[in-house]
Amino acid sequence: HWMVPAATLVLQFPFFIVSVLIEWPITRGLVPEAPGRRIVGAVLLGNALTYGLLMALALIKFLAEYRMI
């Protein structure tokens, strides 16, 4: 059904934000000697790559449902 990949695409944005907000303080606590900007950058990059891949897969599935690809 088309709603599952569509919902996956829409929900990626709030999940991304919440994931960053959860992982950032945990990582800062685990690596207190690392500069704060570096931790934020690493957490953002890791989540951007992960959620970008999930969004690409959901988009491919969504387009495949309508035989657009």
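Predicted model: local features only at pLDDT ≥ 70, side-chain atom pairs only at ≥ 80, totals over all residues.
User: At what angle do helix 1 and helix 2 pack?
Analyst: Residues are numbered from 1 along each chain as its sequence is written, and side-chain values use heavy atoms, with hydrogens and water left out. Helix 1 (residues 3-30) and helix 2 (residues 36-65) pack at about 165°, and their axes are 9 Å apart. That makes helix 1 roughly antiparallel to helix 2 (under 35 degrees counts as roughly parallel, over 145 as roughly antiparallel, 65 to 115 as roughly perpendicular and the rest as oblique).

User: How are the helices and axes defined?
Analyst: Helices (H or I, at least four residues) and strands (E, at least two) are DSSP runs, numbered from the N terminus. Axes are lines fitted to C-alpha atoms, for helices over the stretch in contact, with angles from 0 to 180 degrees between N-to-C directions.

User: And which kinds of residues make up the contact of helix 1 with helix 2?
Analyst: They divide into 19 nonpolar, 6 polar and 3 charged. Here Ala, Val, Leu, Ile, Met, Phe, Trp, Tyr, Cys and Pro count as nonpolar, Asp, Glu, Lys and Arg as charged, and the others, Gly among them, as polar.

User: Let's switch to aromatics. How many aromatic pairs does the structure hold?
Analyst: The structure holds 1 aromatic pair. The rings of F16 and Y51 have centres 5.9 Å apart and planes at 85°, so this pair is edge-to-face. For reference, rings of Phe, Tyr and Trp (its six-membered ring) pair if their centres lie within 6.5 Å, and planes under 30 degrees apart count as stacked, over 60 as edge-to-face and the rest as tilted.

User: Where do F16 and Y51 lie?
Analyst: F16 is in helix 1 and Y51 in helix 2, so the pair ties together parts 35 residues apart in sequence.

User: Is Y51 buried or exposed?
Analyst: Y51 counts as buried at 16% relative accessibility, while F16, at 23%, counts as partly exposed. Buried means under 20% relative accessible area, exposed over 50%, and partly exposed in between (1.4 Å probe, protein chains only).

User: What about Q12, which residues is it in contact with?
Analyst: Q12, a helix 1 residue, is in contact with Y51, L54 and M55, leaving aside neighbours within four places in sequence. Contact means heavy atoms within 4.5 Å. With 6% relative accessibility, Q12 counts as buried.

User: Nice. And what does S19 touch?
Analyst: Not counting residues up to four places away in sequence, S19 touches N47 and Y51. S19 is found in helix 1 and counts as buried, at 11% relative accessibility. The C-alpha atoms of S19 and V43 are separated by 8.9 Å, and these residues are 24 apart along the chain.

User: Last one: is R37 buried or exposed?
Analyst: R37 counts as exposed, with 79% relative accessibility. This residue lies in helix 2, and its C-alpha atom is separated by 24 Å from that of L53, 16 residues apart along the chain.
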